[in-house]
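Visitor: I would like to learn how to read a few features of a model. Could you take me through them one at a time?

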Amino acid sequence: MTTSPKSVRFDDNSLWVDLTDGRVIAVPLTWFPRLLSASPQQREQVQLSRYGLHWEALDEDISVAGLLAGQGDMTRQHPKAA
């Protein structure tokens, strides 16, 4: 069984995703810089699919699996360990 997004909403600091299995995921917007800097109107332009979320104009894709695993934007540059 695949858990899919049912709805998406935002507050000042978080992305909230309601899943079809009844769970609700909240993650900090700082995990997704493109969403953090987007306008409320741009954030509303989300497309829900079986596996995740997509914002065409923002070039942002977020998988439900990634959210459940606690993964943020995988394109961010991570500092190298010394």
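Visitor: Which residue of β6 does Gly52 stand opposite?
Guide: Strands of a sheet pair through backbone hydrogen bonds, either parallel or antiparallel. Here Gly52 stands opposite Ser63 in β6. The strands β5 (residues 52-55) and β6 pair in the antiparallel sense over four bridges. Strands are DSSP runs of E, at least two residues, numbered from the N terminus, and two of them pair if DSSP finds at least two bridges between them.

Visitor: What kind of model is this, and how are residues numbered?
Guide: This is a predicted model, where local features need pLDDT of at least 70, side-chain atom pairs count only at pLDDT 80 or more, and totals for chains, interfaces and linings use all residues. Residues are numbered from 1 along each chain as its sequence is written, and side-chain values use heavy atoms, with hydrogens and water left out.

Visitor: What pLDDT does the protein chain average?
Guide: pLDDT is the predictor's confidence in each residue, from 0 to 100. The protein chain averages 90, and 90% of the residues score at least 70. Over residues 77-82, however, the pLDDT is below 50, and this stretch has zero contacts in the model beyond near neighbours in sequence. A contact means heavy atoms within 4.5 Å.

Visitor: Back to the hairpin: which residue there takes a positive phi?
Guide: Most residues other than glycine have a negative phi. In the hairpin of β5 and β6, with four residues between the strands, Asp59 has a positive phi near 55°.

Visitor: Is Asp59 buried or exposed?
Guide: Buried means under 20% relative accessible area, exposed over 50%, and partly exposed in between (1.4 Å probe, protein chains only). Asp59 counts as exposed because its relative accessibility is 52%. In strand β6 (residues 60-63), Glu60 and Ile62 form the covered face, while Asp61 and Ser63 form the uncovered one.

Visitor: What is the order of the strands in the open sheet of three?
Guide: The order is β1-β2-β3, with antiparallel pairing. β1 (5-10) and β3 (24-28) are at the edges with a single partner strand each, so one side of each lacks a neighbour in the sheet. Strand β2 (residues 14-19) is joined to β3 by five bridges, and Asp18 has Val24 as its bridge partner in β3.

Visitor: Which ring does the charged end of Arg43 sit over?
Guide: A charge sits over a ring if NZ of Lys or CZ of Arg is within 6 Å of the ring centre and within 35 degrees of the ring normal. For Arg43, the ring is that of Phe10, with the charged end 5.2 Å from its centre.
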